[in-house]
Amino acid sequence: MQFHLDNMTCGGCVRSVTRAIQSVDTDAGVVADPKARLVEVQTSATRERIIAALREAGFPPREQ
């Protein structure tokens, strides 16, 4: 699944986003591109759980 995160602008943001996602699924694969503000997630967790974790961390995904 892929998310556009307007607030993800630097490496520190990427670390925070990764931690938030991996708090839901420790085995999640996270590939982030802060310049494009995109994050791709490979996880067994539901999209809703990932979105909730991102919002809680201060990185709400742009609504599609």
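Which residues does A53 touch, not counting residues up to four places away in sequence? A53 touches A20 and V24 on that count, where a contact means heavy atoms within 4.5 Å.

## Basis of the model

This is a predicted model, in which local features need pLDDT of at least 70 and side-chain atom pairs count only at pLDDT 80 or more, while totals for chains, interfaces and linings use all residues. Residues are numbered from 1 along each chain as its sequence is written, and side-chain values use heavy atoms, with hydrogens and water left out.

## Overall fold

The chain has two helices and three strands. Read from the N terminus, the order of the elements is β-α-β-β-α. Helices (H or I, at least four residues) and strands (E, at least two) are DSSP runs, numbered from the N terminus.

The radius of gyration of the chain is 10 Å, which agrees with the value near 11 Å that a compact globule of 64 residues would have. That radius is taken over C-alpha atoms, and the globule rule is 2.2 Å times the number of residues to the power 0.38. Along the principal axes, the C-alpha atoms fill a box of roughly 25 × 20 × 20 Å. Of the contacts in the chain with a separation of 6 or more, 61% are between residues 24 or more positions apart.

## Surface and charge

Buried residues make up 34% of the 64 in the chain. Here buried means under 20% relative accessible area, exposed means over 50%, and partly exposed is in between (1.4 Å probe, protein chains only). The chain exposes about 4,000 Å², and carbon and sulfur atoms supply 46% of that area. Accessible areas come from the Shrake-Rupley method with a 1.4 Å probe; for residues, only the protein chains shown count as cover.

Strand β1 covers residues 2-4 and includes H4. H4 counts as buried because its relative accessibility is 18%. Its side chain makes a polar contact with the side chain of D6 (3.2 Å). A polar contact is a pair of N or O atoms within 3.5 Å; within protein, one must be able to donate a hydrogen and the other to accept it, and residues adjacent in sequence count only if both atoms are side-chain atoms. Leaving out residues up to four places away in sequence, H4 touches A36, R37, L38, P60, P61 and R62. Q2 is also found in strand β1, and at 42% relative accessibility Q2 is partly exposed.

R37, one of the residues touched by H4, lies in the loop between β2 (29-33) and β3 (38-42). R37 is not a glycine, yet has a positive phi of about 60°. Most residues other than glycine have a negative phi. R37 counts as partly exposed, at 32% relative accessibility.

Helix α1 spans residues 11-24 and contains R15. R15 is exposed, since its relative accessible area is 53%. R15 and A32 are 17 residues apart in sequence, and their C-alpha atoms are 9.4 Å apart.

Helix α2 spans residues 47-56 and contains A52; A53 lies in helix α2 too. A52 is partly exposed, with a relative accessible area of 42%, whereas A53 is buried at 13%. From C-alpha to C-alpha, A52 is 9.3 Å from A20, a residue 32 positions away in sequence. A53 and V17 are 36 residues apart in sequence and 8.8 Å apart in space, again C-alpha to C-alpha.
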